Every structure is written in structure tokens, then in C-alpha cells.
Amino acid sequence: MNKAFRPMLASVAAVLAFAATPAFAGKTLDAVKQRGTVKCGVTNGVAGFSAPDTQGNWSGLDVDTCRAVAAAVLGDGKKVEFVPLNSQQRFSALQAGEIDILARNTTWTLTRDASLGFHFTTITYFDGQGFLVPKKLKVTSAKQLKNATICTQAGTTNEKNVADYFKAQNIPVKTVVFESFEASFKAFFAGRCQAFTTDTSALAGLRNKEAPNPDDYVILPELISKEPLAPLVRRGDDEWFAIVKWVPNALIEAEEFGVTQANIDDLKANSKDPAQMRLVGTGDDLGKLLGLDKEWSYRAIKAVGNYGEIFERNVGPKSVLKLPRGTNNLWNKGGQMYGLPVR
């Protein structure tokens, strides 16, 4: 062998050996295991994403994300403590260590990603900001809202987006800002504003659950922003970041490879497909690279189903929101939902 190649081969071997090294448990994972629960910051109640019922049982897309993480790391999707937070509280609660994950309809932006000491993990919903108006106004476009009063919530991207949009359109409007989400939409339904603006997913939930008569309101066609929603974790704990990043990716890949909550046990017993085997815990042991065991993704899928099942149950056409899959469909079905390879 040429002596010149020996240092190069040694370096490659070292990299491969390092890549296969099991991960050390991070401080957050240690704390979660000691506590026995994952503390998950959620909304005070946004239908389809995180909301409690009358018995205090939480459901929603963000809720299922946290349950999947709990199942992966603790073996039980029910071992989650949901912490309701408003827009102003959410970031300080994560910074202070009061929660382990923030899964609260939070848009991934450069400012938030680079300046708050957080890592966004995986996009779980592609949203966009829109407008809800009473049908009696006979408004069919946001561009017809000249001199309108628009209700929204403080401390959100929605507040800045609506100002930027109408400034660019040279359309004068008056924005009325409220500290809480509930106060903002209740003011709108009480007639204080001619329009209400937030993410369209939330608009659909409000119209169907909070409006005095849902048929009296319409969501206008314009989307004035991109709102990629993703869970966040604190910087400084790469092991926990990796777990919260890869659990949602496993749920997306599970849909792509046909692994469901109903068939996962059968696939675990019988599948010879390498991609399915990795997801159900009978193939390559990828859990050791996350500081987890071999069945981490099996438990996550078993607890909440794959991404398509989560979407359908919480926000899809059969849910109270009745939202089309659209942009949130899989990448190979015309959407943008692209799970990173679990391999």
C-alpha cells in the first residue's frame, strides 16, 4: 500500500468508528428519566394542535408529537405533563428549563432560531397566515379590507406579518392587539373587529368551535406568510435535540413506508423490508446512536400512529378542522412533508 494513503485511511476509519459510537445520555434525557415525565409546553387551547377536553385530557397534533417523544424515551406516550403557555410565556418557559419541549404552534424563523438559544427540530405542519371575516361584509379578498379593524394576538409573527402585508399593499388598516389568543378571537366574534388574523389552521378551528354560527364566517383565500411550525428545544444539549428531531422524522417515514398503528405489530413479527424493520425495531439498532434502545421508533408509532394518522385524526377532513392535506402531504404525493432517512 502506498504510504501516502495510510493517514487518509486511518482518518476515514476513525470517522466511521466515531459515527457508530453510542450516544451518551444528555442532561435533559437524564432529568426526564428521573422525573418520569416529559414536560411539554403547549397552547392554552387551539383545536387540532393542543387543547384539553372537559375532563382535562389533551389532544392535537402537537400533543401527539410530545406523546411520541415520551413513548420513545419513557416507554409510555401518556407520561407527558402538558404545560399551557401563552405567546408571551412560551419562550421564557423553555429558556428557564420549566419545559423540555415547546410544541406550541411556533413558527420557525431566523430571528427565533438564531437569537433565543433554541434549536427548532422538525417541521410538523406547514401553515400560512390568513383572515377570517363575517360573510355579511361580503368581502372576498384581503385586499378589500381597506380601513378595516383587524384583531390579532401580541407577541406572534401574525402581528408583524399583517403590518408588513398591508404596508406592501398600501392599504390602511387598524390592528387591535390583545395579550391572549382567547381575548383576541372573542373580541372579533363580539364584533369589535371586522377581521381576525392568525394561522389558517387556527382560523378553521375557531370558526368551527368558537363562532356563534360557523356558517356566518369565511376564511379569505390569501395566505400572507409562510408559517412552518416545529417543536423547539434548548441549545446546549445535542443528545436531547437529536431525539426530539428524529422522533417526528420516524413518524413521517412510517407513513411513507406503510407502517401504521394497526399493522406495526404484524410488521414487527413478519416484515423483511429493511426500511420497515428499522422503524419497528427489528433491523439496525439506531437507538444506541440516540441514547435510546432499539425499539424507540416502534413505541412512538405504536403510541400515536404515523404522521398521516396524526394529521387525519387532529386536523384532517374527518376532524373538527376539516383541513385538506395539501402542502402537508408526503413529498411523493405532491406535498412538502419529507422525512429524513431513519437509517
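Residues are numbered from 1 along each chain as its sequence is written, and side-chain values use heavy atoms, with hydrogens and water left out. Because the model is predicted, local features need pLDDT of at least 70 and side-chain atom pairs count only at pLDDT 80 or more, while totals for chains, interfaces and linings use all residues.

To start with the inside: a nonpolar core is a set of buried Ala, Val, Leu, Ile, Met, Phe, Trp, Tyr and Cys residues joined through side-chain atoms within 4.5 Å. Here, buried means under 20% relative accessible area, exposed means over 50%, and partly exposed is in between (1.4 Å probe, protein chains only). The largest such core holds 74 residues, and Val 73, Tyr 125, Trp 240 and Trp 296 have the most contacts inside it. Helix 9 (residues 238-256) supplies the largest share of this core, 10 residues; helices (H or I, at least four residues) and strands (E, at least two) are DSSP runs, numbered from the N terminus. A second, separate core has 14 residues, among them Val 133 and Ala 195.

Leaving aside neighbours within four places in sequence, Trp 296 is in contact with Ala 72, Trp 246, Val 247, Ala 250, Leu 286, Gly 287, Leu 290 and Val 342, where contact means heavy atoms within 4.5 Å.

Next comes a helix pair. Helix 3 (residues 61-74) packs on helix 9 at an angle of about 110°, with the axes 10 Å apart. Axes are lines fitted to C-alpha atoms, for helices over the stretch in contact, and angles run from 0 to 180 degrees between N-to-C directions. The two helices are therefore roughly perpendicular, a label for angles of 65 to 115 degrees (under 35 is roughly parallel, over 145 roughly antiparallel, the rest oblique). On the helix 3 side, the contact includes Ala 72 and Val 73, and helix 9 brings residues including Trp 240 and Val 247.

Helix 8 (residues 200-209) is largely enclosed by the rest of the structure, because seven of its 10 residues are buried. These buried residues pack against strand 7 (125-127), strand 8 (129-134), helix 7 (181-189), strand 11 (195-199) and strand 12 (217-219).

Out in the loops, Lys 138 sits between strand 8 and strand 9 (149-153). Lys 138 has a positive phi of about 60° although it is not a glycine, and counts as exposed at 72% relative accessibility.
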